[in-house]
Amino acid sequence: MTNEQPDATTGYVEVPGGRLYYEVAGQGQPILFVHADVSDHSMWDEQVAAFAPNYRVISYDKRGFGKTTSEDGAFSPRGDIVALLTHLGVARTFVVGLSNGGAQSLDFTLEHPEMVDGLVVVAGGVSGFEATPTEDELRVFKTYEELEARKDEAGLLELGVHVWCDGPFQPEGRAAASVRERIRATMSDTARDHHEDLTPSQLEPPAVERLGAMKTPTLVLLGVYDFPETNSAMELLAARVPGAQKMAFETAHMVNMEQPAQFNERVGAFFAAVKGQ
């Protein structure tokens, strides 16, 4: 961590078949941060430090990650968010999600628009949308499959750190060592501590069929060194959601961790504009 962290309240909320760990810092209009599946709530440390002086910042560990515990079986990621916000007495909030957390944040917004003041999707996905992978992407996916078939956990970890931090087609070590080490640590922790067999329920109809009707103010952020498949989803989201704003960063997947100051400035400006409407 590069920033001093504000005092935070920590706790757990009971959900069907599990307990979600959360942290809350600051006072004011709420912001909910939803993490990527290669990390946990700590990936938002720089955002918590930046926004807690003026907002009530909420972060949590999703099922299968961090300090959250869960039984095997089906669950609703959107239902978990509702349970967390209800537990904290939050009726409306800004929502920021990255990667699969971005896709889940989008689905939550579509299912519960009355609870979302503004949405920021970062390097995420759009449920129901599948881009055609490039030949280069297919080679990366094949490498993943080969490592999984050999049960090469060390190889999978290093490949994951490379593609998510450096970018799949960038030189090894392009991203700062601090970012790479933080992702390596959280990926290792997840592999060691979590073996749940979880089946998240899908939004029906999926997000791709609903984007044109969205009324929630939306900001779309992406990293130019990320997978083309991810960036195709973000371009689609920005093009189809009425009034959506978009910005590209010279990063790979972990946009907020690679360029925290620039990320915080852009997201903060978006929040301020929405509040001023």
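Phenylalanine 270 is buried, with a relative accessible area of 2%; buried means under 20%, exposed over 50%, and partly exposed in between, using a 1.4 Å probe and protein chains only. Before I go on: this is a predicted model, where local features need pLDDT of at least 70, side-chain atom pairs count only at pLDDT 80 or more, and totals for chains, interfaces and linings use all residues. Residues are numbered from 1 along each chain as its sequence is written, and side-chain values use heavy atoms, with hydrogens and water left out.

Back to phenylalanine 270, which lies in helix H9, residues 260-275. Helices here are DSSP runs of H or I with at least four residues, strands are runs of E with at least two, and both are numbered from the N terminus. What is phenylalanine 270 in contact with, leaving aside its neighbours within four places in sequence? The list is Gly118, Leu119, Val120, Pro217, Thr218, Leu219 and Gln245, where contact means heavy atoms within 4.5 Å.

Next, a helix pair. H5 (residues 153-166) and H6 (residues 177-193) pack at an angle of about 135°, with their axes 9 Å apart. That makes H5 oblique to H6. The axes are lines fitted to C-alpha atoms over the stretch in contact, and angles run from 0 to 180 degrees between N-to-C directions. Under 35 degrees counts as roughly parallel, over 145 as roughly antiparallel, 65 to 115 as roughly perpendicular, and the rest as oblique. From H5, residues including Leu157, Val161 and Cys165 meet residues of H6, among them Ile183 and Met187.

Threonine 190 is also found in H6. Is threonine 190 buried or exposed? At 17% relative accessibility, threonine 190 counts as buried. Leaving aside neighbours within four places in sequence, its contacts are Gly64 and Phe65.

Now the backbone. Most residues other than glycine have a negative phi, and most peptide bonds are trans. Serine 99 is not a glycine, yet its phi is positive, about 60°. Serine 99 sits in the loop between strand S7 (93-98) and helix H3 (100-111), and is buried at 16% relative accessible area. Lysine 151 has a positive phi too, near 55°. Its place is the loop between helix H4 (135-149) and H5, and lysine 151 is exposed, with a relative accessible area of 71%.

Last, which peptide bond is cis? The bond from glutamate 204 to proline 205 is, with omega near -10°. Proline 205 is in the loop between strand S9 (198-200) and strand S10 (218-223).
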